Every structure is written in structure tokens, then in C-alpha cells.
Amino acid sequence: MALVTAAPLLLAVAGLVHPRHLTAATAGDWAGLHIVLLPVFPLLVLGLLVPLWGRPRPDAEGALTVLAWIGCLCFAAYYSGLDAVAGISAGTVVHHGVHGAAARLFATGDELGRTGVYGLAVASFATCVVLWRRHGPRVLPGAAVLFAACWSFVDSHIFWPKGVFTMIGFAAAFALLAAAASRPAEDAQQRQGPENS
């Protein structure tokens, strides 16, 4: 459980100290925090990868697992781009008094971040479908919280208050999904009933 909740909880804590605005006074802290968080954001996908651990089978679940992996990779790559461009680069140029560059860096970073979150949403959907096929309706509470967190994440980053609660939402969703997936998988035929055997 700690493996899947550590990254979002760490990001929630970071959101409490994240500067609300990028100014000359906050630029050093802004860039420094994003340097520290650069390896943390990609770890958010552990909440999706851990319940799907293992080699994908050559069936629909396997295809959905690969789709989840691709979405996780998209998030890790593009959200890291947001961190590098709108976090580290924008903070650095403002800290050094370069005028006019930060707005363009933010625009580019926002595009990268949205693409990453959309990848995360695709990965979340694919993961939840696989887990629902394996474990039935007990994954629905975690899936509902996960989709709400993905929706919120599109424009919240980790800024207080919305972003912090978004990260807490991811932690709760991952914990619920991990708990649902930790119980023995239900066989599809067993869920359909003996009359369909």
C-alpha cells in the first residue's frame, strides 16, 4: 500500500510549500522545488502499474494492460516536460531577471502537462477496466475517486488547495484499488454464474 501512496502523498506535502505565484522573490524556491520533484512526478504511475504487475496475456486484458503502460509512459514523459519547462526553466529565467520568457515557458509547459494528464487518464481507464474484469464491482469506489482526481489534475498541478487535495485523491484511489486487487481475482465465468459455463 505504501508503494502506491507514497508519491501522491509526497506531492501533496510539496504542494503545501509550493509558491503560489512565480515572482522574483519566489523564483529560486520555485525552480529548486521542481528540481527536487522531477523524479517524483513519474512515480505517480506506480498506483496504476503495481496492480497490473506481470506479463500481459495475449487477450483483451493484455491489450488494455499495454494501453495502460503507454498512458503511464506518456504521463511520465510529458509531465516531466512540464516540470522542466514551467518549473525549472521558468523559475530560472525569472530568478535571473530575464523578462518576457516566463509567459511563453508557462504556455508550453501547460500544453505538455495537459498531454501528460490525458495520458494518465487513459492509463487510469485501461487499468480500471482490467481490474474490474478481474475483481468485479469492488474496484468501482477506487475508480470513481481516480477519475475525479484525473479531472481535477488537468488544471490543478499541486498548488494549494485544489492540487493538494487532488494528490490526496490519487493516494486514496490507489489505496482503494490496491486493496480491491489484493483479494483473489474473480474468474470471469464465476462472475457470470454457473448457468453460463
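Visitor: Is Ser152 buried or exposed, and what is its relative accessible area?
Guide: Ser152 lies in helix α6. Helices are DSSP runs of H or I with at least four residues, strands are E runs with at least two, and the numbering starts at the N terminus. Buried means under 20% relative accessible area, exposed over 50%, and partly exposed in between (1.4 Å probe, protein chains only). Ser152 is therefore buried, with a relative accessible area of 11%.

Visitor: What kind of model is this?
Guide: Residues are numbered from 1 along each chain as its sequence is written, and side-chain values use heavy atoms, leaving out hydrogens and water. Local features need pLDDT of at least 70, side-chain atom pairs count only at pLDDT 80 or more, totals for chains, interfaces and linings use all residues, and the model is predicted.

Visitor: Which residues is Ser152 in contact with, leaving aside neighbours within four places in sequence?
Guide: Contact means heavy atoms within 4.5 Å. With those neighbours set aside, the partners of Ser152 are Lys162 and Thr166.

Visitor: How many helices and strands does the protein chain have?
Guide: From the N terminus on, the elements run α-α-α-α-α-α-α-α. The C-alpha trace spans about 70 × 30 × 25 Å along its principal axes. The count is eight helices and zero strands.

Visitor: What percentage of the 197 residues count as buried?
Guide: Among contacts with a separation of 6 or more, 76% join residues 24 or more positions apart. Of the 197 residues in the chain, the share that counts as buried is 44%.

Visitor: At roughly what angle do the axes of α1 and α7 cross?
Guide: Two packed helices are described by the angle between their axes and the distance between the axes. Axes are lines fitted to C-alpha atoms, for helices over the stretch in contact, and angles run from 0 to 180 degrees between N-to-C directions. The axes of α1 (residues 2-17) and α7 (residues 162-182) come within 8 Å and cross at roughly 170 degrees.

Visitor: How do the residues of the contact of α1 with α7 divide into nonpolar, polar and charged?
Guide: Residues of α1 including Leu9, Ala12 and Leu16 meet residues of α7 including Met167, Phe170 and Phe174. Ala, Val, Leu, Ile, Met, Phe, Trp, Tyr, Cys and Pro count as nonpolar, Asp, Glu, Lys and Arg as charged, and the others, Gly among them, as polar. The division is 14 nonpolar, two polar and no charged.

Visitor: What covers the buried residues of α6?
Guide: Those buried residues include Gly142, Leu146, Cys150 and Phe153. Phe153 touches residues including Phe41, Phe75, Leu120 and Phe170, not counting those up to four places away in sequence. The cover includes α3 (46-49), α4, α5 and α7.

Visitor: How far apart in space are Phe41 and Phe75, C-alpha to C-alpha?
Guide: Phe41 sits in the loop between α2 and α3, and is buried, with a relative accessible area of 1%. Its contacts beyond four places in sequence include Leu11, Phe75 and Phe153. Phe41 and Phe75 are 34 residues apart in sequence, and their C-alpha distance in space is 8.9 Å.

Visitor: What is the relative accessible area of Ser124?
Guide: Ser124 is found in helix α5. Leaving aside neighbours within four places in sequence, Ser124 is in contact with Leu48, Leu146, Phe147 and Cys150. Ser124 is buried, with a relative accessible area of 0%.
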